[in-house]
Amino acid sequence: MIALITSLLNALKSLRSDVLMVQPFRAVMTNGHSAFFILAAVTYVISLFFWPTPAVPLVSAVLLPAAIVAGLPPLAGAMAIAIAGQGMALSSDYVIGVAPGISAKAAGAAISAAAVADRALSLSLITGGIALLLAYFSIRKLIQPGSEALLERWQRQSVNGELERLEAVGTFDKAEMARGTSTSYEEPLTIDAEIRHERPHVATRHEAWSKLFAILAPLGFAAVIAVMVLPKLGVDIGSAELKGGAAAALVGGMGAALMILATLAAEGARRSLDVCADHITDGFVFAFKAMGSVLPIAGFFFLGAGGDLAAGVLNVPVGDAPPLLFNLIQSAEPWIPHSHILVAFGVLLVGMITGVDGSGFAGLPLTGSLAGALGPTVGLDVTTLCAVGQMGAVWTGGGTLIAWSSLIAVAGFARVSVLDTVRALLLPVLAGLAVSTICAVLFWS
């Protein structure tokens with residue numbers, strides 16, 4: 001899924017349609033206050049479909065300069081991007097569905113990834129809404145009247161130099177991943193001129209295709225979201241509710257179809273198939289960089305959770321693999337407090353501890369397994385516990401609270417200190433996580 005969606009983004013880059021998709025929002029950034037929330041909203045939507053790391057250079061290159069001209073401090077822009085992208089969008093991962101799939105699989109066969117995704121979406125919106133409001137009130141006095149001088153002062157700093165400086169404190173190639181996705185956004189403000197500087201007989205064609213796919217890509221994914229969500233709201237659209245692999249197949253199929261069409265428009269029939277293969281290859285490279293650390297850790301915890309996967313690894317008959325982690329929780333049952341609030345915050349804390357590695361997704365097998373073991377023991381909904389643990393792991397390690405996570409990329413492109421960004425995000429994010437955990441227990445226990 002990550003590979004297909006990344007390949008689509010690469011195809012849209014070749015037409016510059018990705019820039020055109022977000023460029024209209026620059027016109028409505030009339031002051032720093034509106035710029036903060038517009039920046040967050042656009043980052044959230046783009047990150048839902050393309051993941052936050054590829055979205056950071058796009059938003060930073062197209063919208064962040066306009067926000068700074070409107071009077072928004074660069075640190076405030078970094079906070080808005082991190083909360084909306086690395087926090088809200090990545091913690092739910094509602095469209096691509098990698099995180100809910102890992103959590104649900106670790107929790108047990110009876111848990112639906114679609115149910116975890118729905119619960120995580122609700123909790124991510126609660127957490128993000130509170131974090132955004134607190135972040136805004138903490139920086140609103142720093143917002144200045146709009147001026148071109150603010151942008152000139154910000155542009156005198158070197159984004160590459162900032163990334164190289166911050167890269168020394170990071171792991172998991174996060175800064176390098178962001179740099180690799182940023183090559184098409186060096187001068188995004190001149191997109192129309194760049195299109196017209198091509199050969200005269202192809203300039204008009206490329207400009208038309210660029211505008212077409214800037215409209216077609218959002219509409220395509222909007223249709224996918226409608227097909228996924230409307231049946232859950234009781235609206236009859238002539239098809240059953242899509243869950244798990246079926247929903248993922250629809251998202252991936254839309255991404256692949258749009259990628260092929262965009263590549264055909266950009267490269268022509270003669271070269272399009274070769275270029276499609278290159279886009280897919282680049283997508284898989286990015287996907288393994290993003291998820292490589294998760295694979296061995298997930299395997300370890302799947303082994304402890306028992307089931308078919310553990311049976312294959314241990315070379316025992318299916319059903320005979322010992323659920324070691326579940327047995328461990330059951331043996332400690334007399335010492336586990338049967339308080340829903342304490343258990344929920346315990347799983348949240350475990351998720352946050354696993355997020356310290358700077359990955360975000362690496363701890364999901366553990367939080368999912370703990371949710372599957374602890375939920376029945378204390379009488380708390382397992383799906384809710386899965387979503388709570390997912391919030392703790394991804395908000396912490398995904399890029400809001402850890403300086404060596406993908407927050408490096410956000411701070412680098414905003415040209416601010418990553419440690420200052422962590423300090424500014426700490427209280428808003430922790431408050432949002434605490435409130436969302438309490439809401440999870442009150443609403444879905």
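Author: Start with Tyr136. Its relative accessibility is 14%. Buried means under 20%, so Tyr136 counts as buried. This is a predicted model, and the values here are computed from it.

Across the whole structure, a search finds 8 aromatic pairs. Tyr136 belongs to one of them, with Phe37 as its partner. Phe37 is partly exposed, at 34% relative accessible area. Tyr136, in contrast, is buried.

Now take Phe50 and Phe221. Their ring centres are 6.5 Å apart. Their planes stand at 80°; over 60 counts as edge-to-face, so this pair is edge-to-face. Here too, distant parts of the chain are linked. Phe50 lies in helix 3, and Phe221 in helix 13 (residues 200–229). The separation is 171 residues. Both partners are buried: Phe50 has a relative accessible area of 5%, and Phe221 has 2%.

Back to the Phe37 and Tyr136 rings. They are part of a cluster, in which ring pairs link Phe36, Phe37, Tyr136 and Phe137.

One further ring contact involves a charge. The charged end of Arg415 sits over the ring of Trp154. The distance to the ring centre is 4.4 Å.

Terms used. Residues numbered from 1 in each chain as written. Predicted model: local features only at pLDDT ≥ 70, side-chain atom pairs only at ≥ 80, totals over all residues. Heavy atoms only, no water. Phe/Tyr/Trp six-rings, centres within 6.5 Å; stacked < 30°, edge-to-face > 60°. Buried < 20%, exposed > 50% of the residue type's maximum accessible area, 1.4 Å probe, protein only. Helix = DSSP H or I, 4+ residues; strand = E, 2+ residues; numbered from the N terminus. Lys NZ or Arg CZ within 6 Å of the ring centre and 35° of its normal.
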